[in-house]
Amino acid sequence: HLPHHYHPPNKTRDTPLVLCLHGGGPLPAQPSMAAALLSLLLLTSLALSPCVHGSPPEPVVKCKSGNADCVVTNGYGAYPDRSTCRVAGVAYPTTEDEVLAAVSDAAKKKQHMKAVTTYAHSIPKLSCPGGPDGAGLVISTQKLNRVVAVDRKANRMTFQSGIGLRPLIDAAAAEGLALPYTPYWQGITLGGLLATGSHGSSLFGKGSAVHEYVVGMRLVVPTSTPDAGGRYAKVVELAEGDADLLAAKVSLGVLGVVSQVTLQLQPMFKRSITNRVVKDAGFESTLESFASTTEFGDVTWYVGSGRVVYRDDSRLPITAAGKGKNDFSGFRPQPSILLAGIRVSQELLEATDNSEGKCVLAKVQVTTLLATGSGFQNNDGHLLEFTGYPVVGNHSDLQASGSCLTGAEDGLLTACGWDPRVDGIFYHQTAASIPLPNIAAFIADVKKLRDLRPYSLCGLDLYSGLLMRFVRASTAYLGKTSDCVDIDMTYFRSRDPMDPRLDEDVLEEVEQMALFKHGGLPHWGKNRHVGFLGVRGKFGTRIEQFVAAMKKYDPEGLFSSPWTDAVLGLQKESQLVVDRKGCALEGMCICSRDVHCAPEKGYVCRPGLVYEEARVCRKVDQEEKSEAVVHTEL
């Protein structure tokens, strides 16, 4: 039952691989039962048997000749449009002077360039240069990974921009300091998370966005004319009070290369975490009060099963007892064979239009993960040491995880779940920050949709549910415009871009409700292309202020690309969305004609069921399918 293109590590291509259940017999013939039993075994194994190894991800820049003639991708091995990004070369500076030299050399040649991080975990094409295909330069921050300075009196630290989130957290902890709010995934860099406005969850203080704690920054930007030393680049230093810091803190990488960042930190503290599970009846009315009383709290909504998990998460003094750790199950190294098996089970359900089967699998997965603490550990991080809530530990040990990045190489026996070298999970991700006053209406709309199609949203539960985090309004030009609830939903993506997805009309309607009906702002580092439609209007004059800074520091647009120009409203949105067969299946357009879906497979463009202004690809009966195919041909 494994894909024909899956080859177990250290095995010959002719070696068969068989998974057996219930006494060694074959899987039942009924696809839904086979998938359910297979996934039950796999998911339970994943939750209860964490791996101690984990093949690290492969480089996101691969070159044919030294550091020349390269291909750039992201950590998932596929951009939203599935295009290939080719560049002329890559530079790996280790110091600011080397960054200056790389930018100067490119600027002198009028060569387009982009910074690229170690793991490149942004979904959009933020690291692909503009200009002619294959002619650009990427400047990797992989080796810009050190601590520059520590000001213990002011509780500030300065880092090179390429330092990973985990090394940053650990370096601060060694000084008795903490970055109070961070994303939950540690496989990102300081420069990358700032460029995309990444955040944790809190409405306390300045809020959960990391850029709110930036008090200084050094940028390397291109110049049109050389300085006295003949360089076509310069260093710009920004400090608190500089208006341009409001542009540089969340920049999409279009101002230049960030070389150093100074952060305002806090003395180390502990946290107490308890996951509390309730039914979802009326929970939307509790979110504002929950956020105002729970400093680090978030909410996970398992829409398909009607369950909500409140993470009661508060600050404690450093003297509190507890050595809890966070090794989130989804970010652990997973056996490649199990990842392939899980994917097969989902593809079976897709192929047989079995929405109810997804609900069965999701119930098994969610129940198992909640019962085992979802990766929280009580006793100093020893395996299988979740003994119950609350989990109390140092903030640095609880705020982010990602052990699949740090295990010993094992020849791909294990890997991160999304590693493109194994046939594991492959997904879309929609992330929108909905203004706090609008969130209850959004949830009510999703519930109405679920009532009409009861099994249609279980696919979200299979990918950790709909995560809700709280983010405060920001003064950064591209930061949040109001206090909001950031919703993250991850869902199945077909390997073939022309294959429609089971219940995709419902997921597309939720996406459009979040982004358009309820005014959600897209997360800059996530989302399909349709998520960025109309962004300029949502930010208003703040976009104009940002563009003014962009033209000041890079007047020739050497760090810009067609994608960023389209998002910022500097080019037509045709750079974001296209008008072609099947474009709506991958979020490359919102359908307006049946041909944008897959009419030959029964998927046609129809209005939303609750949000009638939405246009979604819905599967119809045979008669309506035939009419759509004829109409398309005409």
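Student: Which residue in S19 is the bridge partner of Lys270?

Tutor: Please keep in mind throughout that this is a predicted model. The bridge partner of Lys270 in S19 is Asn394, and this pair belongs to the contact between S13 and strand S19 (residues 391–394), which pair in the antiparallel sense over 4 bridges.

Student: What holds paired strands together in general?

Tutor: Strands of a sheet pair through backbone hydrogen bonds, and they can do so either parallel or antiparallel.

Student: OK, and how many bridges join S13 to S15?

Tutor: Strand S13 (residues 270–279) and strand S15 (residues 307–316) are joined by 10 bridges, and the two run antiparallel. If you want a place to look, find Thr274, whose bridge partner in S15 is Asp312.

Student: What is the strand order of the sheet they sit in?

Tutor: The order is S19-S13-S15-S14-S22-S23-S21-S24, which makes an open sheet of 8 strands with antiparallel pairing. At the edges stand S19 and strand S24 (521–522), each with a single partner strand, so one side of each is left without a neighbour in the sheet.

Student: Which strands does H8 lie across?

Tutor: Helix H8 lies across S13, S14, S15 and strand S23 (484–492), and it runs at about 25 degrees to S15.

Student: What about H7 and H8, at what angle do they pack?

Tutor: Helix H7 (residues 336–351) and H8 pack at an angle of about 155 degrees, and their axes are 8 Å apart. Angles over 145 degrees count as roughly antiparallel, and H7 and H8 are therefore roughly antiparallel to each other.

Student: Which residues of H7 and H8 meet there?

Tutor: On the H7 side they are Ser345, Leu349 and Glu350, which meet Gly357, Lys358 and Leu361 in H8. The residues of this contact of H7 with H8 divide into 2 nonpolar, 2 polar and 2 charged.

Student: Changing topic, how many disulfides does the count come to?

Tutor: The count comes to 7 disulfides. One of them joins Cys359 to Cys458, with an S to S distance of 1.9 Å. This pair links distant parts of the chain, since Cys359 is in helix H8 (residues 355–371) and Cys458 is in helix H11 (residues 458–462), 99 residues apart.

Student: Why is the disulfide of Cys359 and Cys458 called right-handed?

Tutor: The torsion about its S-S bond is about 85 degrees, so the disulfide of Cys359 and Cys458 is right-handed. Both cysteines are buried, Cys359 as well as Cys458.

Student: And Cys583 with Cys589, how far apart are their sulfur atoms?

Tutor: Their sulfur atoms are 2.0 Å apart, and Cys583 and Cys589 form a disulfide. The torsion about the S-S bond is about 70 degrees, so this disulfide is right-handed, and both Cys583 and Cys589 are buried.

Student: Which cysteine forms a disulfide with Cys85?

Tutor: Cys128 does, and the two sulfur atoms are 2.2 Å apart. Cys85 is in strand S3 (residues 85–91), whereas Cys128 is in the loop between strand S4 (113–116) and strand S5 (137–140), so that the pair links distant parts of the chain, 43 residues apart. Both Cys85 and Cys128 are buried.

Student: What stands opposite Cys85 across the strands?

Tutor: Val72 stands opposite Cys85 in S3. Strand S2 (residues 68–72) and S3 run antiparallel, joined by 4 bridges.

Student: What is the strand order of the sheet with S2 and S3?

Tutor: This open sheet of 5 strands has the order S1-S2-S3-S5-S4, with mixed pairing. Its edge strands are strand S1 (61–65) and S4, each of which pairs on one side only, and the twist averages 40 degrees from one strand to the next. Helix H2 (residues 96–108) lies across S3, S4 and S5, running at about 170 degrees to S5.

Methods:
Residues numbered from 1 in each chain as written. Predicted model: local features only at pLDDT ≥ 70, side-chain atom pairs only at ≥ 80, totals over all residues. Heavy atoms only, no water. Disulfide = S-S within 2.5 Å. Buried < 20%, exposed > 50% of the residue type's maximum accessible area, 1.4 Å probe, protein only. Pairing = 2+ DSSP bridges. Axes fitted to C-alpha atoms, helices over the stretch in contact; angles between N-to-C directions. Contact = heavy atoms within 4.5 Å. Parallel < 35°, antiparallel > 145°, perpendicular 65-115°, else oblique. Nonpolar A, V, L, I, M, F, W, Y, C, P; charged D, E, K, R; others polar.
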